[in-house]
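Trainee: I keep meeting labels for residues and wondering where they come from. Could we go through some of them together?

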Amino acid sequence: MQTLNCTNKADSSFYSHFKMKISYLLNAAILIIFCCASSSCKRQEEVLTSLQKEDTQIATSAFATNVKMQEIKGGYYKPFYSSDSDALIKVEPFLMDERPVTNAEFLAFVKANPQWKRSAIKRIYADTTYLHNWVSDTALPKNALPNAPVTYVSWFAAKAYATAVGKRLPTLDEWEFVAMADETSINARNKKTYSNNILNLYLIKNRQYNAVKLSTPNYWGIYNMFDLVWEWTDDFNSVLINGESRSGDYNDKNLVCAGSATSATDVLNYAAFMRYGFRSSLKANYTISNLGFRCANSISNKTK
Amino acid sequence: MKKIFFLLISSILFFSCKEKTIKKELPSNSIFYLKSDWQNQNGQTIKLNDLRGKTLVVVMIYTSCKTACPLLVADMKKIEQQIKPNNLNKVSLVLVSIDPKTDTPERLKEFAKTGKMDAAHWVFLRSTEAATQEFANVLSMKYKKISPIEFSHSNIISVFNPDGELVSQEQGTSINVEKVAKEANEIAEGS
């Protein structure tokens with residue numbers, strides 16, 4: 001009997017203990033839910049602020065590339081558009097990538113900087129076609145050569161890439177200074193063949209899919225200035241032709257302050273006309289199938 | 001009963017919190033993602049995000065400009081006059097300098113004072129050359145320094161909603177101020 005009683009007692013005490021446990025558990029569960037609610041609230045806010053931090057940071061994690069840079073000795077050049085047709089612009093010595101940035105390099109950049117992935121990019125930095133030919137966030141387009149120039153990148157993305165590799169985009173004057181050269185001379189603008197050769201290259205279809213460095217470099221040892229892609233320049237938005245209105249009113253001086261600055265100095269250089277027209281039609285978040293970029297650097301930056 | 005009550009409270013807390021978070025998220029094309037630092041006419045350093053919550057009417061100018069900028073500034077004042085008094089505290093009229101070296105906060109303050117643009121809804125900003133260029137690119141604004149004291153630039157007045165999304169732009173030398181003011185009023189009333 002005693003044993004029975006005992007077990008009964010034990011049973012009942014076990015039961016009441018169990019009951020208490022349940023109520024504890026329930027209370028605990030409610031507490032946990034409550035805590036979760038408030039902490040997840042906090043956490044969500046934390047995530048959000050950290051996201052916003054990330055988003056607002058165009059600044060990027062560094063990574064290395066092995067592209068060779070050529071030293072451009074600099075000099076004077078006549079800008080294609082100038083308020084004073086005799087004005088020469090001095091281009092200081094600088095360094096320029098010998099070729100455009102490739103698909104493989106941009107993929108490495110995106111992997112190191114997830115905020116520049118296609119699915120994470122903010123519209124303020126790139127329009128809807130940003131890297132749109134890629135298979136996924138981290139897979140290049142089908143059949144694309146890793147060493148073909150990257151395209152469908154905005155000015156913001158190009159700038160972020162350049163920052164990540166410790167460089168910058170070339171200025172328009174720097175780019176055009178290098179573009180004056182042919183294979184044998186610094187300034188080939190006056191050669192009859194110069195403009196025609198470039199125009200012929202511009203006419204080749206789907207040239208952006210070819211690998212870099214297959215053609216002959218120019219005087220400075222720079223490849224692919226014309227034969228693969230158009231290129232972003234840092235100050236592309238300094239071109240003040242009224243490119244948006246294709247009304248034939250090509251030089252609508254009413255639209256711009258000091259608009260008389262928009263006068264061509266070298267009317268035979270039709271290739272340059274095309275480049276300036278193209279640049280003036282660009283917006284910084286545009287991404288285009290045949291628009292890529294290369295990096296440059298100041299000499300002082302390199303020696304630091 | 002108590003438990004149910006607790007559950008209710010915690011779930012209310014949970015959901016209310018969620019809603020707040022959703023509201024906080026910026027649209028993908030918002031200018032408030034730009035991280036650059038700016039100085040206003042009072043010498044305070046701010047981020048563009050500090051302008052959040054107001055309808056923004058934005059123009060880029062430089063104070064020493066003798067040609068198009070005075071017209072643009074006059075346009076901004078006309079817009080100010082056409083903003084309904086009830087809406088004025090929901091609108092900021094923002095003038096951003098494209099010549100940050102010359103346009104110091106003191107100079108911007110002086111410019112605001114002489115131009116009678118010293119009410120609270122006027123904001124004058126300058127930043128670094130790089131941030132100015134980036135901001136100009138967000139507005140699709142072209143500009144170029146053509147001499148130490150002269151810039152050529154496009155004339156654009158842009159309207160942003162309180163979340164920093166570009167709503168409309170007017171450009172050229174004869175800007176339709178009525179249209180800009182109407183737009184700003186409508187957004188301010190809706191916000």
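Trainee: Why is K213(A) called partly exposed?

Mentor: Its relative accessibility is 35%. Buried needs under 20% and exposed needs over 50%, so K213(A) at 35% lands in between and counts as partly exposed. Keep in mind that this is a predicted model.

Trainee: Where is K213(A), and what is its phi value?

Mentor: K213(A) lies in the loop between α5 (192–203) and β5 (230–231) of chain A. Its phi is near 65°, a positive value in a residue other than glycine.

Trainee: What about N143(A), buried or exposed?

Mentor: The relative accessible area of N143(A) is 80%. Exposed means over 50%, so N143(A) is exposed. For N143(A), too, phi is near 65°, positive in a residue other than glycine. You'll find N143(A) in the loop between α2 (103–112) and α3 of chain A.

Trainee: What makes K78(B) and D75(B) a salt bridge?

Mentor: Look at the N to O distance, which is 3.8 Å. The cut-off is within 4 Å, from a side-chain nitrogen of Lys or Arg to a carboxyl oxygen of Asp or Glu, so K78(B) and D75(B) pass. As for the general idea, side chains of opposite charge can pair when their charged atoms come close.

Trainee: How are K78(B) and D75(B) placed along their helix?

Mentor: They sit three residues apart in helix α2 (residues 68–82) of chain B, so about one helical turn separates them. K78(B) is partly exposed at 40% relative accessibility, while D75(B) is buried at 7%.

Trainee: Why is E71(A) called partly exposed?

Mentor: E71(A) has a relative accessible area of 42%. E71(A) is in strand β1 (residues 69–72) of chain A.

Trainee: Which residues does E71(A) contact, neighbours within four places in sequence aside?

Mentor: Those are F94(A), L95(A), W220(A) and I299(A). Take F94(A): it is 23 residues from E71(A) in sequence, yet 6.0 Å away in space, C-alpha to C-alpha.

Trainee: Which members of the largest nonpolar core touch the most other members?

Mentor: They are F106(A), Y130(A), F293(A), I79(B) and F135(B), out of 118 residues. Helix α3 (residues 155–164) of chain A supplies the largest share of this core, eight residues. Beyond four places in sequence, F293(A) has contacts including P100(A), F106(A), Y161(A) and W232(A). In soluble globular proteins, nonpolar side chains tend to be buried together.

Definitions and conventions
Residues numbered from 1 in each chain as written. Chains lettered and ligands numbered in written order. Predicted model: local features only at pLDDT ≥ 70, side-chain atom pairs only at ≥ 80, totals over all residues. Heavy atoms only, no water. Helix = DSSP H or I, 4+ residues; strand = E, 2+ residues; numbered from the N terminus. Buried < 20%, exposed > 50% of the residue type's maximum accessible area, 1.4 Å probe, protein only. Contact = heavy atoms within 4.5 Å. Core = buried A, V, L, I, M, F, W, Y, C linked by side-chain atoms within 4.5 Å.
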